[in-house]
Amino acid sequence: MIFETHAHYDDEKFDEDRVELLSHLLRENNIGNVINVGASFRGCQDSLKLAETYDNVYAALGIHPEELEDFTEENLSWIKKNATNPKVVAIGEIGLDYYWIKDDEGRAKQRLWFKRQLELANEVDLPVIIHSRDAAEDTLNTIVEYNTHYNKKGIIHCYSYSKEIALEYIKMGWYIGVGGVVTFKNSKKLVEAVKAIPIESIVLETDCPYMAPVPHRGERNSSIYLKYVAEKIAELKEMSVDDVERITYENALNIYSKCKRND
Ligand SMILES: [Zn+2]
């Protein structure tokens, strides 16, 4: 069984087959638990609904750095209130994304809400899911400070930085989320990172509907394609696909400790 640690089944690209996928198709295709991750506030509300509807679906609640436009204190209170729901297992995705945001003010706003949501995760005692793009240094500094203060863990999702930085996160007991990108021809940096870190620090994720692995690159992604990611990691780490699936499943249960096994 595979543990899907990061999906967006609330996305409209799943409007036609969401029910089939979540009620039985994923399970029939070797997918155990699914974490549906909120990015916008609406996405958080929808993630919670999905988690309450399907036994093997859990929710993460948090606001993505590119979705901060209309984010309010009330939204944050709503997240805090619902974090105690038994099906809410993490705060995320939260973090920094400097790719489109070049101005100091915009970046400062991201850092502010990132820290507020980290504080919240500590208060409600949940792990975090980190989104970070073009912000390697600020993200690492923030997490080192957070981890030192509170000793709280998380996942660096859709990992895109160097192996050296990956090792810094692993030293703190954090996990690295690996998805379809590892199968891409141009993913040299991620391949190096996966080779350098222990399998005990990796979790499998799609970020679906995005980031479909080869041989489905460019199509709509779903957790069913995680087998290609597991196969690629097995090849890189010279181990069996079964071991990759089994160990990463245990890793995910370790970090998302509110989840039942469902494998
Ligand atoms: Zn995501």
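This is a predicted model: local features need pLDDT of at least 70, side-chain atom pairs count only at pLDDT 80 or more; totals for chains, interfaces and linings use all residues.
Student: Why is R18 called buried?

Tutor: Buried means under 20% relative accessible area. R18 has 17%, so R18 counts as buried.

Student: What makes the contact of R18 with D15 a salt bridge?

Tutor: The cut-off is 4 Å between a side-chain nitrogen of Lys or Arg and a carboxyl oxygen of Asp or Glu. In R18 and D15 the closest N and O atoms are 2.7 Å apart. The pair therefore meets the definition.

Student: Is D15 buried or exposed?

Tutor: Exposed means over 50%. D15 has 52% relative accessibility, so D15 counts as exposed.

Student: How do you know that K232 and E235 form a salt bridge?

Tutor: Their N to O distance is 3.5 Å. The limit is 4 Å, so the pair qualifies.

Student: Where do K232 and E235 sit relative to each other?

Tutor: Both are in helix α8, residues 226–236. They are three residues apart, which means about one helical turn between them.

Student: What makes E250 and R261 a salt bridge?

Tutor: The N to O distance is 2.6 Å. That is within 4 Å, so the label holds. The pair links distant parts of the chain, eleven residues apart. E250 is in helix α9, residues 241–255, and R261 is in the segment after α9.

Student: Why are E250 and R261 called partly exposed?

Tutor: E250 has a relative accessible area of 32%. R261 has 40%. Both values fall between 20% and 50%, so both residues are partly exposed.

Student: How many salt bridges does a search of the whole structure find?

Tutor: The search finds 16. There is also a network of salt bridges that links R42, D46 and K49.

Student: What makes β1 and β8 edge strands?

Tutor: The sheet is open and has eight strands, in the order β1-β2-β3-β4-β5-β6-β7-β8, with parallel pairing. β1 (2–7) and β8 (202–204) each pair on one side only, and these are the edge strands. From one strand to the next, the twist averages 30 degrees.

Student: Why is β1 called largely enclosed?

Tutor: Six of the six residues of β1 are buried, so the rest of the structure largely encloses this strand.

Student: How do you know that β1 pairs with β2?

Tutor: Two strands pair if there are at least two bridges between them. Three bridges join β1 to β2 (residues 31–37), so the strands pair. They run parallel. I2 stands opposite I31 in β2.

Student: What makes β6 and β7 a pair?

Tutor: Strand β6 (residues 154–156) and strand β7 (residues 175–178) share two bridges, in the parallel sense. At least two are needed, so the pair counts. I156 has I176 in β7 as its bridge partner.

Student: Which residues lie nearest the centre of the largest pocket?

Tutor: They are H64, H131, D207, Y210 and M211, out of 33 lining residues. The pocket has a volume of about 950 Å³. Its lining divides into ten nonpolar, ten polar and 13 charged residues. At least two lining residues come from each of α2 (41–53), β4 (88–97), β5 (128–133) and α7 (188–196).

Student: What is in the lining of the second largest pocket?

Tutor: This lining holds five nonpolar, two polar and four charged residues. Among them are K152, K153, Y175 and K258. The space is about 190 Å³.

Methods
Residues are numbered from 1 along each chain as its sequence is written. Side-chain values use heavy atoms; hydrogens and water are left out. On a 1 Å grid over the protein atoms alone, a cavity is a set of points where a 1.4 Å probe fits but cannot get out, and a pocket is an open set with protein on both sides within 12 Å along at least five of seven lines; lining residues have an atom within 4 Å of a point. Grid points are joined across faces, edges and corners, and a volume is the space filled by probe spheres set on the points. Helices (H or I, at least four residues) and strands (E, at least two) are DSSP runs, numbered from the N terminus. Ala, Val, Leu, Ile, Met, Phe, Trp, Tyr, Cys and Pro count as nonpolar, Asp, Glu, Lys and Arg as charged, and the others, Gly among them, as polar. Buried means under 20% relative accessible area, exposed over 50%, partly exposed in between (1.4 Å probe, protein chains only). Axes are lines fitted to C-alpha atoms, for helices over the stretch in contact, and angles run from 0 to 180 degrees between N-to-C directions.
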